[in-house]
Amino acid sequence: MNLYLTSVTNLKKKKNITKFLSKIKDEVIIFSNNGEIKVFSSICPHFGGPITCDNSHLKCPWHNYKFSKTNGQCLTHGLKIYLPEYEVKIINNKIYIHIDD
């Protein structure tokens with residue numbers, strides 16, 4: 001099943017978008033990383049803080065955790081944790097994530 005997030009045009013205007021998806025009970029952050037659209041959970045796996053997006057990293061301001069925009073890996077504090085990533089599909093200029101039914 002594909003869940004609609006936003007249009008490619010809207011994402012280009014806003015740089016990144018955070019959206020709660022009740023179907024999967026998760027909030028996601030949508031952004032472009034070197035031309036590739038990425039979607040990760042926007043909830044920090046460490047303590048549930050909000051994930052924000054800057055030019056170089058995803059980050060949680062609560063404890064200064066930084067995550068890779070490529071694969072969601074934590075880059076600080078020596079922890080082996082990742083932000084959950086969702087499979088992106090682009091259909092007719094619309095951004096979706098694919099989830100299992």
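How many bridges join strand 3 to strand 4, and in which sense do they run?

1. Strand 3 and strand 4 (residues 36-41) are joined by 6 bridges and run antiparallel. Strands here are DSSP runs of E with at least two residues, numbered from the N terminus, and two strands pair if DSSP finds at least two bridges between them. In strand 4, K38 is the bridge partner of F31.

2. The model is predicted: local features need pLDDT of at least 70, side-chain atom pairs count only at pLDDT 80 or more, and totals for chains, interfaces and linings use all residues. Residues are numbered from 1 along each chain as its sequence is written, and side-chain values use heavy atoms, with hydrogens and water left out.

3. Strand 2 (residues 16-21) also pairs with strand 3, in the antiparallel sense and over 6 bridges. Here K19 stands opposite V28 of strand 3.

4. Both pairings are hairpins. Between strand 2 and strand 3 lie 4 residues, and K25 in the turn has a positive phi of about 50°. The hairpin of strand 3 and strand 4 has 2 residues between the strands, and N34 takes a positive phi near 55°.

5. The 3 strands form an open antiparallel sheet in the order 2-3-4. Strand 2 and strand 4 each have a single partner strand and stand at the edges, so one side of each lacks a neighbour in the sheet. On average, neighbouring strands are turned by 25° against each other, direction ignored; the axes are lines fitted to C-alpha atoms, and angles run from 0 to 180 degrees between N-to-C directions.

6. Strand 3 (residues 26-33) is mostly covered, with 6 of its 8 residues buried, that is, under 20% relative accessible area (1.4 Å probe, protein chains only).

Conventions: Buried means under 20% relative accessible area, exposed over 50%, partly exposed in between (1.4 Å probe, protein chains only).
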